[in-house]
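Dear colleague,

Please find below the structure I promised to pass on to you, followed by some notes on what was found in it.

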Amino acid sequence: MRWYVARYGQYLLVLLAALTLNFFLPRAMPGSPLPFLAGEEVGQLSSEQLAEVRARYGLDAPLWQQYFRYLTSVVSGDWGFSYQAGRPVVATLLDRLPWTLLLVGSSLLVASVFGIAVGALASWRRGSALDTGSLVAAILVDSLPTFWLGMMLIAVFAVELRWFPIFGAIHPWGPKSGWPYMADIMQHLVLPATTLTLATLSGTFLVMRYAMLDVLGQDYIRTARSKGVAERRVLLKHTVRNALLPVSTVMFLNLGLLVGGSTVIETVFSYPGVGTLLYQSVLNRDYPVLQGAFLVLTVSVIAANMLSDAAYPLLDPRVRRSGP
Amino acid sequence: MSRDQRAVRRVLFGTPTAILGTLLLTVIVLVALFGPAVAPYDPRQVSGRPFAAPSAEHWLGTNDIGQDIFSEVLWGTRVSLLIGLIAASTAITVGTSVGVVASLAGGWVDTVLMRITDIVLTIPFLPLAIVLAAFLGPSLWNTALVIALVIWARPARVVRSQGLSTRNLAFVEAAQALGGTFWHILTRHVLPGVLPLALSQFILATSSSILTEASLAFLGLGDPIQKSWGTILFYAQARGAFLNGAWPWWVIPPGLLISLTVLAFVLIGRSLEETLMPRLRSR
């Protein structure tokens with residue numbers, strides 16, 4: 001119980017830190033915060049219009065009042081106005097979020113399955129060609145910039161071989177319902193999801209391999225073997241099950257990495273998620289959107305961490321009573 | 001030959017992979033130092049027709065406005081490496097200081113410093129870096145500062161745990177009992193104990209700084225006047241390297257150089273870790 005209180009306190013601190021950063025960044029920059037809040041066109045406004053904009057953002061109030069005003073408006077769902085899109089930031093974000101969740105979710109799933117399977121087999125046959133080969137591959141892939149990996153996949157599989165579309169999440173004039181629509185989405189998903197999977201696979205693989213080696217050195221494995229338990233059963237029931245525990249926590253810890261990776265990969269593939277929105281808002285100097293995208297990504301990582309906390313007691317019976 | 005010299009030799013040349021890393025890094029550092037001097041063209045000047053394929057005049061062809069890509073890549077080596085090293089040394093200085101002070105001071109100082117460290121570790125670091133870079137504006141120093149701000153937390157955590165175990169060693173406790181001041185124990189006992197670890201964290205931090213810089217520059221947050229490898233790739237993506245069939249000489253070389261540089265640091269870093277912690281070798 002105490003553990004959960006400390007944990008949720010920490011999440012609250014992270015959220016507050018992100019919000020505080022969002023509040024102070026426009027105000028800490030030299031000059032007026034107005035161009036950051038309301039767009040670069042404020043220079044052309046008349047003095048009455050300027051006064052109106054200043055009042056709208058409460059810029060004449062003391063800083064602490066502005067701060068609380070900002071916090072309450074974020075909590076009540078007012079995340080500012082995108083002057084590029086001409087609509088509220090929240091509406092834009094809600095359009096984009098499903099695509100990011102699809103990309104990150106499918107990559108997380110595939111990377112976990114492959115990382116766990118290869119990690120288990122590699123450690124089981126330690127020193128084999130599979131073990132050495134996957135270790136070398138992990139180091140090599142980790143050295144590649146994620147976005148460049150995506151660019152190379154585009155060059156080979158989209159530009160030269162023409163197996164997959166070059167950009168986007170759906171065909172603009174394609175079918176919008178039923179199986180053809182699903183197939184269209186899948187076809188657009190393959191390359192970006194493969195890139196993100198490759199970029200995060202090695203982390204899961206290395207942790208799984210390490211955890212397996214740790215478990216394989218335990219006494220109960222020797223006991224199981226010496227009493228004649230079948231090898232297959234030792235692998236699956238005794239070793240893999242126990243090695244999965246540390247892997248599950250590390251997977252969620254890596255989620256921040258996955259979200260960062262999705263930002264550049266979405267940009268490479270012009271995938272219409274939050275990451276591409278982040279990129280576009282940088283190019284357009286659309287600061288409210290930029291800050292909204294940052295906030296929503298931070299909130300998703302916190303949410304995933306909370307999910308992991310909730311799942312842990314289900315995976316490990318030992319912590320059900322005492323807490324991790 | 002002293003013990004330290006032997007250790008350095010083992011780190012740099014002890015294993016075939018370490019030798020590969022050292023060779024790669026030597027070549028890249030030489031390119032960063034002398035590349036601009038031997039570059040055939042000024043990378044900012046138009047020196048050919050747009051989208052020219054590789055030729056005797058332009059070894060890696062030209063970009064969308066006719067600048068020589070080979071010269072751009074040579075100059076970019078210096079920018080990318082410089083940002084990586086500045087960011088990593090700043091991050092390690094901050095991270096080591098936080099880790100050492102937290103481990104030695106304990107109590108509320110430790111609690112506060114580690115809460116801050118955990119906050120930085122939880123916030124997705126690339127989006128954070130993007131927001132900071134967008135507000136600060138593109139320049140070599142700003143990019144290095146932003147990267148340092150988002151990556152100092154991991155070394156701080158690692159150094160703190162090493163500092164904790166150093167602090168509890170008998171001779172440190174003895175120094176404390178003899179009335180050694182906080183500053184004395186910090187500089188004479190704890191800091192020397194964590195320095196080798198800080199060095200290996202520095203090498204790791206350099207490789208992740210170079211990757212982060214490349215990502216930021218690719219997202220258009222690099223200095224357009226001082227193009228790094230990532231900035232070259234940003235222009236390649238934005239100005240249609242794929243549509244014009246220019247990707248083999250415009251996209252591959254900068255990306256390959258980033259990868260080889262990161263690989264060099266990773267290989268040397270692993271070799272250093274194995275030398276420092278022989279226990280790891282059995283894994």
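Two residues are said to be in contact if their C-beta atoms, placed from the backbone, lie within 7 Å. Helices (H or I, at least four residues) are DSSP runs, numbered from the N terminus. This is a predicted model, in which local features need pLDDT of at least 70 and side-chain atom pairs count only at pLDDT 80 or more, while totals for chains, interfaces and linings use all residues. Residues are numbered from 1 along each chain as its sequence is written, and chains are lettered from A and ligands numbered from 1 in the order in which they are written.

As for confidence, pLDDT is the predictor's confidence in each residue, from 0 to 100; its mean for chain B is 88, with 98% of the residues reaching 70 or more. The predictor gives the complex an ipTM of 0.89 and a pTM of 0.89.

In helix H7(B), the buried residues (20 or more other C-beta atoms within 10 Å of their own) include B:Ala153, B:Val159 and B:Thr166, and the cover over the buried residues of H7(B) includes helices H3 (69-105), H4 (107-122), H8 (170-177) and H9 (182-221) of chain B.

Turning to the interface, 33 residues of chain B are in contact with 36 residues of chain A. The largest share of the side of chain B that touches chain A, eight residues, is supplied by H5(B). That side divides into 24 nonpolar, six polar and three charged residues, where Ala, Val, Leu, Ile, Met, Phe, Trp, Tyr, Cys and Pro count as nonpolar, Asp, Glu, Lys and Arg as charged, and the others, Gly among them, as polar.

With best wishes

How values were computed. A residue is buried if 20 or more other C-beta atoms lie within 10 Å of its own, exposed if 12 or fewer, and partly exposed in between; C-beta atoms are placed from the backbone. Helices (H or I, at least four residues) and strands (E, at least two) are DSSP runs, numbered from the N terminus.
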